[in-house]
Amino acid sequence: MQKPQANSPWLWVPSLYFAQAIPYVVVMSLSVIMYKDMGISNSDIAFYTSLLYLPWVIKPLWSPIVDMFGTKRRWTVLLQLAVGASLIAVGTVLHLPTFFVVSLAVLWVMAFSSATHDISADGFYMLGLRQKQQAAFVGVRSTFYRLATLFGQGPLVVLAGYLAVSLGDVRQAWSIVFYVLAGLFFAAFAWHQWALPVPEDDHAVAKSDNPLRDFVGTFVAFFKKRDIWMIVAFILTFRLGEAQLLKLVAPFLKDPISAGGLGLTTAQYGIAYGTVGIIALTLGGLAGGWLISRVGLKRCLWIMVFAIHVPDLVFVYLSQTQPTDLMIVSAFLALEQFGYGFGFTAMMMYMIMVADGPNKTAHYAICTGLMALGMMVPGMWSGDLQEYLGYQHFFIWTCLATIPAFIVAALVKIDPEFGKK
């Protein structure tokens with residue numbers, strides 16, 4: 001069978017970023033819902049699942065290895081195979097008496113594989129597309145990433161809720177869900193083995209006779225970039241409020257009214273947040289990518305900063321009023337998710353801009369590692385903070401935590417022409 005040409009991004013960009021999202025959604029979101037169904041406390045869920053961010057935080061430490069050895073294409077397909085095996089392992093260990101500890105360990109292995117896959121896939125994206133195509137396809141990339149999020153938090157959560165009721169066994173229900181995901185990932189491995197193009201530039205970065213110096217030099221080159229500390233501040237603060245809010249969304253929506261939540265069932269959560277909300281998120285991502293390709297990142301930045309942060313007020317309203325109408329809840333979640341999807345495209349394009357250069361794969365990994373650090377540390381304390389403050393005051397705090405992002409956004413420097421189609 002003939003390989004697709006390198007100018008056919010529709011054959012691989014959508015599927016590649018759908019596959020990239022699945023393990024991240026499993027580790028960061030699906031595990032939260034699963035552990036909530038199994039009776040784990042909010043503080044333990046927030047703390048331990050936030051620790052699972054660690055591979056994404058420290059992935060810059062091994063990102064030069066992906067640059068120095070082999071091709072991005074080979075790394076990508078082999079790591080998809082590893083993620084598929086990890087998904088089978090999670091489904092298997094849920095029946096053990098010590099399922100919480102063992103499943104966390106397996107999820108950490110999955111997170112490590114997924115973080116490394118992110119390095120290679122993002123590097124492949126920048127090699128397989130010209131810069132103008134990168135800007136045009138950032139919306140497509142974001143859309144299919146969000147569709148995977150929809151799949152992970154929508155239909156799969158609904159399936160888990162349905163199976164838990166029909167089988168009368170929560171652990172068996174979630175095991176089946178993980179087996180379904182494993183089958184999907186093995187299919188992704190087979191598809192990308194055929195569909196990914198073979199860019200001429202996809203080869204090991206030229207090395208000197210001193211690999212250690214090459215390795216260290218990659219990091220030195222990144223931190224010698226102009227305005228590097230402003231770059232770091234922007235990446236770390238852009239999602240400060242969301243990092244804390246995100247870990248408590250599922251517990252808030254599922255906790256009973258008497259505990260300050262909205263009392264949604266697992267299936268209702270899948271409809272409201274994992275389906276309606278993610279559709280809105282996807283539309284927001286498409287709109288954001290289109291706008292950047294038309295006018296450039298610089299002109300869009302402030303619109304997108306407001307779009308991603310102001311809708312967090314939705315959770316202040318929901319926690320104060322505790323509506324019981326699923327349509328009302330879904331509508332407010334859709335508003336918040338559209339703003340997030342629209343605004344987050346600014347961060348994606350900003351990191352592509354910062355990473356540009358001979359070590360773009362490793363430098364993009366450093367950017368995403370910093371972003372993961374900005375998500376992990378605040379997420380670790382968010383469960384304890386919510387239990388101390390209660391949902392109403394906690395969501396007010398998360399809105400206040402967005403203020404640093406507005407301050408830093410006013411100071412960053414962006415090429416006016418960057419991102420235009």
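Me: Accessible areas come from the Shrake-Rupley method with a 1.4 Å probe, and for residues only the protein chains shown count as cover. What makes up the accessible surface of the chain?

Reply: The surface totals about 16,400 Å², and carbon and sulfur atoms account for 69% of that area. Please keep in mind that this is a predicted model: local features need pLDDT of at least 70, side-chain atom pairs count only at pLDDT 80 or more, and totals for chains, interfaces and linings use all residues. Residues are numbered from 1 along each chain as its sequence is written, and side-chain values use heavy atoms, with hydrogens and water left out.

Me: How many helices and strands are there in the chain?

Reply: You will find 18 helices and 0 strands. Helices are DSSP runs of H or I with at least four residues, strands are runs of E with at least two, and both are numbered from the N terminus.

Me: How do you know whether the radius of gyration of the chain agrees or disagrees with that of a compact globule?

Reply: The rule, taken over C-alpha atoms, is 2.2 Å times the number of residues to the power 0.38. For 421 residues a compact globule would come out near 22 Å, and the chain has 21 Å, so the two agree. The C-alpha trace spans about 65 × 45 × 35 Å along its principal axes.

Me: How much of the chain is made up of buried residues?

Reply: The share is 58% of the 421 residues. Buried means under 20% relative accessible area, exposed means over 50%, and partly exposed lies in between (1.4 Å probe, protein chains only).

Me: What about methionine 349, buried or exposed?

Reply: Methionine 349 also belongs to helix α16. With a relative accessible area of 1%, methionine 349 is buried. Its C-alpha lies 7.2 Å from that of leucine 297, a residue 52 places apart in sequence.

Me: And tryptophan 290, buried or exposed?

Reply: At 53% relative accessible area, tryptophan 290 counts as exposed. You can find tryptophan 290 in helix α13, residues 266-295. From tryptophan 290 to threonine 345 the C-alpha distance is 9.8 Å, while the sequence separation is 55 residues.

Me: Which class does isoleucine 176 fall into by its relative accessibility?

Reply: Its value is 28%, so isoleucine 176 is partly exposed. Isoleucine 176 is part of helix α9, residues 170-195. Leaving aside neighbours within four places in sequence, its contacts are Leu163 and Leu167.

Me: What makes tyrosine 35 and phenylalanine 100 an aromatic pair, and of which kind?

Reply: Rings of Phe, Tyr and Trp (its six-membered ring) pair if their centres lie within 6.5 Å; planes under 30 degrees apart count as stacked, over 60 as edge-to-face and the rest as tilted. A search of the whole structure finds 27 aromatic pairs. Tyrosine 35 and phenylalanine 100 have centres 4.9 Å apart and 90 degrees between their planes, an edge-to-face pair. Tyrosine 35 lies in helix α1 (residues 13-37) and phenylalanine 100 in helix α6 (residues 99-128), so the pair ties together parts that are 65 residues apart in sequence. Tyrosine 35, at 0% relative accessibility, is buried, and phenylalanine 100 counts as buried at 16%.

Me: Which residues form one aromatic cluster?

Reply: The cluster consists of Phe252, Phe315, Tyr391, Phe394 and Phe395.

Me: What is the phi of aspartate 227?

Reply: Aspartate 227 has a positive phi of about 60 degrees although it is not a glycine. Its place is the loop between α10 (211-223) and α11 (228-237). At 36% relative accessibility, aspartate 227 counts as partly exposed. Glutamine 322, which is not a glycine either, has a positive phi of about 45 degrees, and glutamine 322 lies in the loop between α15 (313-321) and α16.

Conventions. Contact means heavy atoms within 4.5 Å.
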